[in-house]
Amino acid sequence: MLQIKNLHASVEDKDILKGINLEIKAGEVHAIMGPNGAGKSTLSSIIAGNENYEVTEGEIFLDGEEISELAPEERAHKGVFLSFQYPVEIPGVSVTNFIKTAINESRKANGKEEMPANEMLKLIREKSELLEMDRKFLSRSLNEGFSGGEKKRNEIFQMAMLEPKIAILDETDSGLDIDALRIVANGVNKLKNENNAVLVITHYQRLLDYIVPDFVHVLMDGKIVKTGGADLALELEEKGYDWIKQEQEA
Amino acid sequence: MHKELVDVERVSLYKSKNMSKYTEDDLKVELENKEYEYGFYTELDSETFPVGLNEDIVRAISKKKEEPEWMTEWRLEAFRAWQEMEEPEWANVNYEKPDFQAISYYSAPKKADPNKKLEDVDPELLAMYKKLGISVDEQKKMNNVAIDIVVDSVSVATTFKKTLNEKGIIFCSISEAIKEHPELVRKHLGTVVPMKDNFYAALNSAVFSDGSFCYIPKGVRCPMELSTYFRINQGGTGQFERTLLVADEESYVSYLEGCTAPSRDENQLHAAVVELIAMDGAEIKYSTVQNWYPGNKEGKGGVYNFVTKRGLCEKNAKISWTQVETGSAVTWKYPSCVLKGDNSIGEFYSIAVTNNFQQADTGTKMIHLGKNTKSTIISKGISAGKSQNSYRGLVQIGARAENARNFSQCDSLLMGNNCGAHTFPYIESKNASAKIEHEATTSKIGEDQVFYCNQRGIPTEKAIALIVNGFSREVLNKLPMEFAVEAQKLLEISLEGSVG
């Protein structure tokens, strides 16, 4: 589904990614872990099409189509979703209005009619229940005054509404208490099926207790240095990253 | 006098680093090339006075309109006062002063006759309304809105008069009111905006050509939104409407005013006066959507909009001004409330959008005279292109205004790096029991906001519209439903393609 080949990227002339190779197949959950500054968030921004980063080499394929030259909204229309680590506030725009606009823009881009209002309402109700969201929440301004947990829950709510092919969860666990973490993870698990894929980017193993990955990759200094199964995350939790570094150097 | 100048901010833009590729340049070009949607000119057979202004012209206007002697004299007095006055220069706008001797002060479509039925109206006129999206028929049926349309200077179609008549509501052109209801006009005209109030008000008092008059009797709730659609058609003419709205005790009225003008190279002058009188317990809601021609992308042409709008509140009365200003090359406008009666309330909700070379100096004055008077000011300024957008407001608390309250909020949103937002709030309080709050924010549409929207599949253009509408939400919510939709569209059109 998502294939990344020899990806190099820089921001303000500083090389951040130095040759990433990654293949995620439909139905899989992958996790990328790594110490601070390894390039984890850069990778997610680049897949989503943030133009502050420059791709200097390599390719990104979605279902066999090269997407690294596409605008961020075009990638979104093709099914790329990024759950932001720090979702921005948009004052005066309600959660409902925002998601309605997002859905209809995607439908328009894919040659479909706007979603009828009753269908939209039904979908919103269904998905907000999945994430145990208060109805009042939906009429609040997007992310304005939201707690950390509310922001992340809102991200996953949008993911549930948009039904992406590939969802990238960038540090979705940061700022979450244990209950919110459970709700968010539960939501992701329910949305997971054979036709989509999830890429979890995280610093800690905590989230992976709930969203169990098929593969865990360790990203260090702009490269994937180790790949393993779910147990690799536990090992990292226990031993930290230094041993991998030493392994590399050895 | 205790005078305090608080929180005067001047925000000019600096080049923000990291502007990403998708933003300004391409879109700016697109915006600049966007033509003014209402820029068409209708071939009507009109009757226009020769250019220039003197006592004879003033008399001629009055005669043309078959006005009584007192009205002619009133105009002449205003004209004489105007001659002694100087054009104000304190506003934060730069423009070439109009040559008042190069303007024609009267232009009426020849075929218009206020007594005609809608079917008799010049088909060209009707076509023009259609272009404006205000087909009279449709408005009549769909919106339950009675419209008094002023094209250039004469009212050509007044609808719903009958329904209004049954309630004793008078809604007609001011010329008609002068003839049919002289006692009401004479009693109230110039009581809120005196003829010598300011340069443009004096000019308007001397030469006003037409406008609307409305009277709501005691205890009557006007059952529909009253609406006037102004449009400047004839080249080289100034439009000087005069609106007088009297809401008798315990009555209620909501009034809508919309404006457009065709695009022309020369600047067109518009100097209107609007007077509102809310007697004891009455409530007036006055909403304006103004999208007069703003000039082209080089700043050539466009309307000069120098307007005096003021309302008087008696005991327990309330006046709300809501305005969405997207047009005009230069705007100079301060819809104000004189809170004379105890417990009276004044409100001002404004969205002012400037783009290209537009300049707006707009705001309000809240004059608290009575006890327990309250005022609220919510001003949203949006600047794009090379425009300058200023909020100028005065909150004045009189010595006898015990427990007066004011809350002001002025928010500015900037797009691009060449525009400016300025806030000039003046506060004068002579009563220690007053509570006055002023909040101001200035923000820029963030790249991160746009990227967030993009990531969810919302293209940049649409993202900007969404963010701007969100920013303006509090004010848009104050507009009557049918107007709110139009205003929202107008915001999108005015800002299409400008990103910061």
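## Salt bridges

A salt bridge here is a side-chain nitrogen of Lys or Arg within 4 Å of a carboxyl oxygen of Asp or Glu. Side chains of opposite charge can pair when their charged atoms come close. This is a predicted model, where local features need pLDDT of at least 70, side-chain atom pairs count only at pLDDT 80 or more, and totals for chains, interfaces and linings use all residues. Residues are numbered from 1 along each chain as its sequence is written, chains are lettered from A in the order in which they are written, and side-chain values use heavy atoms, with hydrogens and water left out.

Over all chains, the count comes to 27 salt bridges. Take B:Arg80 and B:Glu55: their side chains meet in one, at 2.9 Å from N to O. B:Arg80 sits in helix H3 (residues 69–83) of chain B and B:Glu55 in helix H2 (residues 55–64) of chain B, so this pair links parts of the chain 25 residues apart. Helices (H or I, at least four residues) and strands (E, at least two) are DSSP runs, numbered from the N terminus.

## Where the two chains meet

Which chain A residue forms a salt bridge with B:Arg456? That's A:Glu155, at 3.0 Å from N to O, and one salt bridge is the count between chain B and chain A. There are also ten residue pairs in polar contact across this interface, both residues at pLDDT 80 or more. A polar contact is a pair of N or O atoms within 3.5 Å; within protein, one must be able to donate a hydrogen and the other to accept it, and residues adjacent in sequence count only if both atoms are side-chain atoms.

On the chain B side, helix H10 (447–455) and helix H11 (460–476) each give two or more residues. H10(B) has the largest share, eight residues. Contact (heavy atoms within 4.5 Å) takes in 23 residues from chain B and 34 residues from chain A.

Now for the gaps inside.
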